[in-house]
Amino acid sequence: MLAAADAIVAFTGAGISTECGVPDFRSPGSPWLKNQPIEFGEFLASPTARMEAWRRKFAMDDIYSGAQPGRGHQALARLVAQGRMPGVITQNIDGLHQASGVPSGQIVELHGNGTYATCLDCGLRHELVEVRRRFEGSNQPPSCVSCDGVVKSATISFGQAMPERAMLKAQALTLACDLFLVIGSSLVVQPAASFPVLARRNGAKLVIINRDETPLDTMADLVVNDDIGDVLTRASLPG
């Protein structure tokens with residue numbers, strides 16, 4: 001399928017990053033269970049909730065701060081470099097696709113990016129090192145240095161609207177591909193999980209590589225329940 005495809009799109013979830021030391025959300029004992037993201041409405045309404053959200057954010061950052069791209073990221077980066085993969089659609093917020101060498105313009109981050117923060121009022125980008133310094137020094141939720149607005153990690157929280165531009169770009173990539181690779185996603189989070197369905201119904205081949213079964217396995221042309229790094233390393237990547 002890789003050899004025959006003209007336009008390959010990857011759709012990645014937490015499973016591609018677990019070998020890098022980034023925990024997934026659903027495994028027993030996951031630190032995300034102790035540091036679950038605060039719902040967006042609560043974050044906006046309560047300074048106390050914002051304090052707790054930042055505490056949990058930095059606790060998780062400390063767990064995987066040294067993470068580097070894994071074999072799966074590197075395999076996809078090679079396909080992008082070869083011009084065979086026009087884009088990567090990801091549910092991940094860890095920035096490891098960028099670190100692997102995939103240009104930011106070819107990555108669609110459906111759930112945002114956890115490596116920096118933004119002001120919800122004026123949109124100014126804030127670097128986490130400075131945000132953390134101010135947070136830990138004042139014991140107050142950080143505010144924007146430009147407009148004094150609410151600063152939040154640049155991720156999409158539960159209850160927050162999906163990014164319209166990213167959704168449209170993901171849709172365009174999905175409709176233009178002839179091979180859609182799902183890699184390390186449980187395919188239970190909507191609306192993100194609708195893209196493999198759209199690709200398959202539009203005539204693309206659908207391959208799912210994941211440790212566990214997914215709700216879309218019966219729709220796929222190929223399902224591989226195995227280690228992602230092993231599978232993509234063994235796969236014949238033309239070029």
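Is the crossing of helix 2 and helix 5 left-handed or right-handed? It's left-handed, and the views below show where that crossing sits. A crossing is called left-handed if the near helix is turned anticlockwise from the far one by less than a right angle, and right-handed if clockwise.

A note before you look: this is a predicted model, where local features need pLDDT of at least 70, side-chain atom pairs count only at pLDDT 80 or more, and totals for chains, interfaces and linings use all residues. Residues are numbered from 1 along each chain as its sequence is written, and side-chain values use heavy atoms, with hydrogens and water left out.

**View 1. Helix 2 crosses helix 5.** Helices (H or I, at least four residues) and strands (E, at least two) are DSSP runs, numbered from the N terminus. The axes of helix 2 (residues 47-64) and helix 5 (residues 128-138) come within 12 Å and cross at roughly 125 degrees. Axes here are lines fitted to C-alpha atoms, for helices over the stretch in contact, with angles running from 0 to 180 degrees between N-to-C directions. The two helices are therefore oblique to each other (under 35 degrees is roughly parallel, over 145 roughly antiparallel, 65 to 115 roughly perpendicular, and the rest oblique). On the helix 2 side, look for residues including Trp54 and Phe58; among those they meet in helix 5 are Val131 and Phe135.

**View 2. Helix 5 has a buried face.** Leu128, Val131, Arg134 and Phe135 are the buried ones (under 20% relative accessible area; exposed is over 50%, partly exposed in between, with a 1.4 Å probe and protein chains only). Seen down the axis of helix 5, they fall within an arc of 130 degrees, so they line one face of the helix; the arc is that of the directions from the helix axis to the C-beta atoms. After helix 5 comes Asn139, with a positive phi near 55 degrees.

**View 3. Helix 6 and helix 7 run roughly parallel.** The axes of helix 6 (residues 164-176) and helix 7 (residues 194-201) come within 9 Å and cross at roughly 30 degrees. That makes helix 6 roughly parallel to helix 7, and this crossing is right-handed. Met167, Ala170, Gln171, Thr174 and Leu175 in helix 6 meet Phe195, Leu198 and Ala199 in helix 7, where meeting means heavy atoms within 4.5 Å.
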